[in-house]
Amino acid sequence: MLLQHERELVADYGRKLISDGLTVGTSGNISIYNREKDLIAISPSGMDYFEIKPENVVVIDISGKVIEGSRKPSSEKDMHRLLYTYRKDVNAAVHTHSKFATLMACLNWSIEPIHPILACAGGNVRCAPYMISHNEEFGKTVIKYIADRYAVLLGNHGALTCGPNIGYAYTTALSVEFCAELYYRAKAVAKPKLLTQADMSDMMHRFQSIREKQ
Ligand SMILES: [Zn+2]
């Protein structure tokens, strides 16, 4: 079986998406890119996360063609493969419909630095405009908005996080959801005090060195 290790990780982290409350039903998706083999392991479309076995995870190439697997790859595969094409520092991506990140995306707000942990995203988290998500056009727009960051909100839709490996991408999805909730709740009662660039710089460097070691 091609990309056995990556397929096991996609299945394992898919179950975590549900148990950690980062998505609902069969929504969201996960992929891991093996740069050496130039192949991507991506979650199958419309399948219960607790039923996904490694062999159900689909292997596609960088053009989106299915190389191995009987299932249909996630309908948002173009967003994943374009991310790996444009971002040489990224080998894993997690797309969620987590509640507060999606709420922020429905407001078309960006998440501003309310807590130092947001440094994992490489700065504030911008919001891309709403678009139908099953084509290259959407993928290209997402790349433009994520730019050099590790997280982006997808307008009226959800969030996308990424990193050098699945552990980084997944933890960033948890941290983005945590900060989205803090930011939204703080804004609901008063004007939150945001951290300055100087406040954030120590954590930004720490996350940079974590990424470089992986
Ligand atoms: Zn989605």
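# Briefing: helix packing, ring pairs and selected residues

The buried residues of helix H2 are Asp-78, Met-79, His-80, Arg-81, Leu-82, Leu-83 and Tyr-84. Buried means under 20% relative accessible area, exposed means over 50%, and partly exposed lies in between (1.4 Å probe, protein chains only). This is a predicted model, in which local features need pLDDT of at least 70 and side-chain atom pairs count only at pLDDT 80 or more, while totals for chains, interfaces and linings use all residues. Residues are numbered from 1 along each chain as its sequence is written, and side-chain values use heavy atoms, with hydrogens and water left out.

- In H2, 7 of the 10 residues are buried, so the helix is largely enclosed by the rest of the structure.
- Helices (H or I, at least four residues) and strands (E, at least two) are DSSP runs, numbered from the N terminus.
- The buried residues of H2 pack against E1, strand E2 (39–42), strand E5 (92–96), H4, strand E7 (151–154) and strand E8 (158–163).
- Contact here means heavy atoms within 4.5 Å.

**H2 against H4**

- H2 (residues 77–86) packs on helix H4 (residues 136–146) at an angle of about 45 degrees, and the axes are 8 Å apart.
- That angle makes H2 oblique to H4.
- Angles under 35 degrees count as roughly parallel, over 145 as roughly antiparallel, 65 to 115 as roughly perpendicular and the rest as oblique.
- Axes are lines fitted to C-alpha atoms, for helices over the stretch in contact, and angles run from 0 to 180 degrees between N-to-C directions.
- H2 and H4 cross in a right-handed sense.
- A crossing is right-handed if the near helix is turned clockwise from the far one by less than a right angle, and left-handed if anticlockwise.
- On the H2 side, the contact uses Asp-78, Met-79, Arg-81, Leu-82, Leu-83 and Tyr-86.
- H4 contributes Glu-136, Phe-138, Gly-139, Lys-140, Val-142, Ile-143 and Ile-146.
- By class, the contact of H2 with H4 has 8 nonpolar, 1 polar and 4 charged residues.
- Ala, Val, Leu, Ile, Met, Phe, Trp, Tyr, Cys and Pro count as nonpolar, Asp, Glu, Lys and Arg as charged, and the others, Gly among them, as polar.

**H3 against H5**

- Helix H3 (residues 99–107) and H5 pack at about 60 degrees, with their axes 7 Å apart.
- H3 is therefore oblique to H5.
- The crossing of H3 and H5 is left-handed.
- H3 makes this contact through Lys-99, Phe-100, Ala-101, Leu-103, Met-104 and Leu-107.
- H5 answers with Val-176, Glu-177, Ala-180, Glu-181, Tyr-183, Tyr-184 and Arg-185.
- The contact of H3 with H5 divides into 9 nonpolar, no polar and 4 charged residues.

**Aromatic pairs**

- Rings of Phe, Tyr and Trp (its six-membered ring) pair if their centres lie within 6.5 Å; planes under 30 degrees apart count as stacked, over 60 as edge-to-face and the rest as tilted.
- The count comes to 6 aromatic pairs.
- Tyr-33 and Tyr-84 are stacked, at 5.1 Å centre to centre and 25 degrees between the planes.
- This pair links distant parts of the chain: Tyr-33 is in strand E1 (residues 29–34) and Tyr-84 in H2, 51 residues apart.
- Tyr-33 and Tyr-84 are both buried.
- The ring centres of Tyr-168 and Phe-207 are 6.3 Å apart with planes at 85 degrees, so the pair is edge-to-face.
- Tyr-168 lies in helix H5 (residues 166–189) and Phe-207 in helix H6 (residues 197–213), so the pair ties together parts 39 residues apart in sequence.
- Both Tyr-168 and Phe-207 are buried.
- Tyr-150, Tyr-168 and Phe-207 are linked by ring pairs into a cluster.

**Positive phi**

- Leu-3 is not a glycine, yet its phi is positive, at about 50 degrees.
- Leu-3 sits in the segment before helix H1 (4–19) and is buried, with a relative accessible area of 4%.
- Asn-156 also has a positive phi, near 50 degrees.
- Asn-156 is in the loop between E7 and E8 and is partly exposed, at 41% relative accessible area.

**Exposed loop residues**

- Lys-72 is in the loop between strand E4 (66–68) and H2, and is exposed at 63% relative accessible area.
- Leaving aside neighbours within four places in sequence, Lys-72 is in contact with Pro-44, Ser-45 and Val-58.
- Gly-25 is in the loop between H1 and E1, and counts as exposed at 52% relative accessibility.
- Gly-25 touches Ile-18 and Tyr-49, not counting residues up to four places away in sequence.
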